[in-house]
Amino acid sequence: MNKKATGLPVFSQLSGRGDGLFSFQCFFPLPRPDTPGLVRLMTQLLGDGPKGMRANRLYSRLGANGCDLRVSTSDLGWSISVEGRSEGAGVARELLGRLLLAPAFRKEAFRRERSRQIAAIREQDDNPLYYAFRLMRQRCFADPLIAHGSLGTIESLVRLRRSELVDFFKKEQCRDVLVGWAGDDKGQGEAWHQFACKFWHTQAVVHSAPSPLAAPWHEVLRLPGKGEQAVVQLGFAGPGLEESTVLSVLSSALSAMDGPLFREVREKRGLAYSVGVRPVRAVGGTAVVVFASCEPAKVDEVIKVLRGELERVSQQGLCPLLFEGTCKSFGNRFQRQRDSIGGRVGLAMGDLFFGREGKDGDGIVRELSRLQLTDIKALATNVFQRGSLGDMVLA
Amino acid sequence: MKVQSRILDNGLPLVVVEGGSEHLAAVQFHVSVGSAKEGRWAGGGLSHFVEHLLFKGTKRRNWMEINSEAGRLGGDANAYTSFERTVYHLQVANGDLAPALDLLNDQVFHSTFPDEEFEREREVINRERVMGQDDPDWQIFELGMATMFKRHGARFPIIGEDDIFRALSVDDVREFHSTYYRPPQVALVVAGGVKMDEVVRVANVLQVPVALEGEGATAGPEGPVVERRESRRSRDCDLVRGWIGFRGPSAFTREGVALGMALNALAGTRFSQMDVDLVERRAVAHELDVSSIDVGGGEQLYVFSYLADCGKREAVEAAVAEHLGRAAINGFSNREWEGFRCYGQFGRARSKQFANHLADVHGAAWMATGSVESVAECESWHDSMTAEESVEALGRYCRADLGVWVSLGPGEGQA
């Protein structure tokens with residue numbers, strides 16, 4: 001970690017791999033947008049190219065120099081990254097600079113990307129499981145800005161004006177940025193650092209206040225589904241983002257092939273093919289959705305088995321072997337991520353974002369090594385006993 | 001990165017890729033039977049059924065022990081079935097190579113197929129089938145394959161036809177397994193932070209059935225491509241999904257590489273001309289992708305898939321036909337072609353950072369060609385391929401008067 005006079009700390013790491021690749025990433029923790037779906041649309045439009053250069057020209061110049069630029073949005077922030085062969089880094093910096101200084105946000109691109117984002121919502125809704133997840137998320141979070149996820153809603157997108165998006169970019173692009181680089185060439189690392197300092201002067205992550213969750217509902221909410229299978233979902237209030245690691249371990253352990261849900265619902269009873277736990281991380285808070293797709297006639301049996309297992313886990317905790325295996329699996333997963341340059345930078349950004357000790361991509365591994373079975377049990381009790389929001393069945 | 005192979009003392013072919021990870025080992029068993037090569041059980045989805053049942057118990061472990069042992073190794077144990085292969089994989093810390101090999105080898109070769117697990121797993125697969133029926137992306141793929149092939153085994157869904165699948169017995173499973181799950185139909189592939197000598201030492205002592213005599217599973221013949229076929233299916237969903245597929249040579253031949261490069265240059269990147277035209281300029285499609293599917297027997301499918309608003313299907317298909325025709329005549333400029341090549345080289349370098357990807361690619365190559373040189377050979381063809389050669393392959397295999405053109409969506413045809 002370097003701290004330059006400008007005050008911008010840039011995670012910078014020599015990969016030592018000698019494969020001639022670099023990765024440069026900027027991550028912008030998500031502020032609360034005014035319109036659902038705005039941030040994702042802005043990000044997609046940003047990737048459409050700078051003033052005076054069409055998207056195909058931008059990407060073909062990057063491609064011809066062995067580089068690729070990606071923009072993405074999650075529920076926690078948006079990012080822009082460049083990865084490529086070291087020889088192309090100079091061109092990549094020049095093009096990224098043009099993009100950040102003067103994004104085009106063209107009118108016709110705005111209309112096209114908005115239409116594509118609406119299509120992405122409709123595409124998800126064509127799949128019964130994704131449709132169910134979207135409805136459950138809306139039900140879990142009381143705040144409509146968070147409830148709709150990064151895609152937003154068709155209604156919010158139709159109302160959105162291009163000027164709102166341009167204003168948002170001007171206001172937000174200079175704050176709260178996390179920057180990271182990894183590659184083979186020390187001089188190039190320095191060049192990327194100077195580049196970052198030209199654009200951003202401070203780095204801070206201000207986590208928003210916890211998102212208000214919906215009031216619990218007591219009846220099973222039965223809604224018309226979109227397929228032959230029923231989708232059963234149990235919704236729970238999750239912990240704050242600071243407990244993100246322990247939530248990941250709990251969710252993975254419950255969803256694992258040697259975990260209680262897979263064992264009881266699928267392996268012992270053959271009730272479902274797809275069963276698991278999905279943590280939903282949003283600005284300021286989380287929800288937890290336990291789900292299974294099953295035959296409509298077996299919905300009540302599936303709910304009973306799921307509830308029984310969650311109750312057992314919240315009273316007795318996880319079996320030590322399952323806990324140990326899940327932690328080891330996480331360790332291997334992070335190792336796999338560290339094998340790629342982009343993954344390595346991504347891990348370091350995650351450490352910075354979540355304020356983890358280490359900040360070099362090892363923070364999460366250190367946090368895992370300190371985790372105890374009692375931490376998991378405490379979280380399970382908190383979520384599955386005290387945090388129940390309600391059940392939803394789409395059939 | 002070093003790729004080596006040898007036949008182990010127990011008869012098992014071994015491919016080792018030293019590279020892709022410092023601390024991990026990706027362990028995979030590639031079995032040269034998939035849904036298109038099920039012989040007298042054709043259409044039953046037996047390869048996929050066996051894939052599920054290999055997690056249900058062996059002579060030394062019951063299903064709970066299999067799952068918990070994989071869990072304790074911290075390995076993401078899983079499997080997949082394609083048309084020409086079934087692959088079992090586990091990624092672990094390289095210090096856990098020996099127990100991972102012991103576990104996976106036990107599952108692949110020594111499963112007992114307990115009677116009590118058979119019916120229960122059939123019900124799980126039924127749930128998987130219904131999940132697929134509910135998913136329009138899965139449905140368009142199956143419609144495309146069923147339209148493409150009339151005799152070849154790939155005309156059936158990988159999961160099997162419902163009635164044939166329901167008629168399968170546990171004896172069918174045992175016979176299928178004991179026929180095909182033998183070397184050289186099965187190969188062990190290990191990639192990551194490992195050394196050949198070390199893998200050989202551990203793998204040489206694995207208990208493996210005796211080698212298969214005679215011919216392995218084959219995909220069954222399909223006549224030559226002589227016409228364009230269309231199929232339209234109506235479905236109550238919001239958008240139209242389209243799938244335009246062409247039969248062509250294996251991706252491990254020079255001609256296959258030429259064709260793959262042409263299709264990527266046409267529609268595989270953000271700056272490909274077809275993508276720019278259909279998604280950005282004319283805005284008739286929301287998404288356009290290109291992919292390829294190995295169906296065995298030295299044949300590969302090359303596919304354009306798209307997502308569009310209702311009523312736009314004709315416009316998308318007309319534009320695809322127009323681009324194919326234009327590319328076959330005008331080709332690609334030198335600058336354009338060099339850009340794609342450079343971008344492709346970067347993509348290749350990026351993918352070499354992942355041990356499981358390396359194991360998968362080298363495993364597929366070994367099963368298709370029996371050589372560890374074939375991946376490097378494809379890379380050298382990629383680096384030396386001219387636009388002219390690529391365009392020639394495009395004109396031979398991908399034309400508007402060939403292939404299957406299918407769509408799924410509201411008002412697209414019979415429900």
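Predicted model: local features only at pLDDT ≥ 70, side-chain atom pairs only at ≥ 80, totals over all residues.
1. **Who takes part in the contact.** Chain B brings 63 residues to the contact, and chain A brings 58 residues. On the side of chain B that touches chain A, those residues divide into 24 nonpolar, 16 polar and 23 charged.

2. **How much area is buried.** The size of an interface is often given as the accessible area lost when the parts come together. Here the area buried between chain B and chain A is about 5300 Å², and carbon and sulfur atoms give 52% of it. Three residues deserve a look on your screen: B:R127, B:R270 and B:Q353 supply 13% of the area that chain B buries against chain A, more than any other three residues.

3. **Charged and polar pairs.** Between chain B and chain A the count is 10 salt bridges. One to pick out is that of B:R127 with A:E295, where the closest N and O atoms are 3.9 Å apart. Polar contacts join 23 residue pairs across the interface of chain B and chain A, counting pairs with both residues at pLDDT 80 or more.

4. **Which elements chain B uses.** Several elements of chain B give two or more residues to the side that touches chain A, among them α2 (63–72), β5 (86–93), α4 (115–133) and α12 (334–351). The largest share, 10 residues, comes from α4(B).

5. **A phenylalanine in a loop of chain A.** Turning to chain A, A:F105 sits in the loop between α3 (89–101) and α4 (107–125). Is A:F105 buried or exposed? A:F105 counts as buried because its relative accessible area is 3%, under the 20% cut-off. Leaving aside neighbours within four places in sequence, the residues in contact with A:F105 are A:M42, A:L45, A:L46, A:R162, A:L165, A:V166 and A:F169. A:M42 is 63 residues from A:F105 along the chain, yet their C-alpha atoms are separated by 8.2 Å.

6. **Helix α9 of chain A.** Does the length fit, or what should the 14 residues of helix α9 (residues 186–199) of chain A span? At 1.5 Å a residue they should span 20 Å, and the end C-alpha atoms are 21 Å apart, which agrees. At the start of α9(A), a side-chain oxygen of A:D185 comes to within 2.8 Å of the backbone nitrogen of A:G187. The buried residues of α9(A) include A:W192, A:H193, A:F195 and A:F199.

How values were computed:
Residues numbered from 1 in each chain as written. Chains lettered and ligands numbered in written order. Heavy atoms only, no water. Contact = heavy atoms within 4.5 Å. Buried area = accessible area lost by both parts, 1.4 Å probe. Salt bridge = Lys/Arg side-chain N within 4 Å of Asp/Glu carboxyl O. Polar contact = N/O pair within 3.5 Å; in protein donor to acceptor, adjacent residues only side chain to side chain. Helix = DSSP H or I, 4+ residues; strand = E, 2+ residues; numbered from the N terminus. Nonpolar A, V, L, I, M, F, W, Y, C, P; charged D, E, K, R; others polar. Buried < 20%, exposed > 50% of the residue type's maximum accessible area, 1.4 Å probe, protein only. Expected span 1.5 Å × (residues − 1).
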